Amino acid sequence: MAERRVLRMGNPLLRRVSEPVTEFATPELDALIEDLWDTMAARGGIGIAAPQVGVALRVVVFGDDGAGSLDPDPIPRTVLINPTIEAVDNSTEEGWEGCLSVPGMRGLVPRYRGIRFQGFDARQQPVEREVAGFHARVVQHECDHLDGILYPQRIRDMQSFGFEEEISLAGRLSEADC
Ligand code: NI
């Protein structure tokens, strides 16, 4: 399969609301998912959404099974199609995010601490999970892409947005783009 070009902020295709997948287990969908994994891996990301490669379908992939990280709570490799998210409670926390479509930047973004998400895998098998922390953050970030939202739109204080190299927060910026 192949790495695809990642669209960057400013490209109008990133602002579209993507369409639900209606046909599963097709060669096209399988190829898209393979390419999303390849593109994410090539960029060292932790997640990627189909709109980031110019495909307006509600498909995201995320997770690395903890590969190369000391995270005690690794994020399993997950294909999530037509996802829905609900907050487990309404409390939010701010955390640093990056995005393959906003390269070199980081911003402090409020997200729900805990969520339950549902959707389907590539074979239309149901996927349902309750997650918290960084895992929950990644899923919220990816699902935002499906609605045409990039994380800078969610930053409350634009002083907490800048170039990764300039934000010297030792140890706090180890998290990958998504
Ligand atoms: Ni992103």
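Select β4 (92–97) and strand β5 (residues 105–112) to begin: the two run antiparallel and are joined by 6 bridges. Strands here are DSSP runs of E with at least two residues, and helices are runs of H or I with at least four, numbered from the N terminus; two strands pair if DSSP finds at least two bridges between them. Within this pairing, Gly 95 stands opposite Val 109 in β5.

The model is a predicted one, in which local features need pLDDT of at least 70, side-chain atom pairs count only at pLDDT 80 or more, and totals for chains, interfaces and linings use all residues. Numbering starts from 1 along each chain as its sequence is written, and side-chain values use heavy atoms, with hydrogens and water left out.

The open sheet now shown has 3 strands in the order β4-β5-β8, with antiparallel pairing. From one strand to the next the twist averages 25°, an angle between N-to-C directions of axes fitted to C-alpha atoms, on a scale from 0 to 180 degrees.

Turn now to the aromatic rings. The whole structure holds 3 aromatic pairs, where rings of Phe, Tyr and Trp (its six-membered ring) pair if their centres lie within 6.5 Å; planes under 30 degrees apart count as stacked, over 60 as edge-to-face and the rest as tilted. Select Phe 24 and Phe 120: the centres are 5.9 Å apart and the planes at 70°, so this pair is edge-to-face. Phe 24 lies in the segment before α1 (27–43) and Phe 120 in strand β6 (residues 114–120), 96 residues apart. Phe 24 is buried at 14% relative accessible area, while Phe 120, at 30%, is partly exposed (buried means under 20%, exposed over 50%, partly exposed in between, with a 1.4 Å probe and protein chains only).

Select Tyr 151 and Phe 161 for another edge-to-face pair, 6.1 Å centre to centre with 80° between the planes. Tyr 151 lies in the loop between α2 (133–146) and β8, and Phe 161 in strand β8, so the pair ties together parts 10 residues apart in sequence. Tyr 151 is buried, with a relative accessible area of 1%.

Along the sequence they follow the pattern α-β-β-β-β-β-β-β-α-β. Buried residues make up 48% of the 178 residues.
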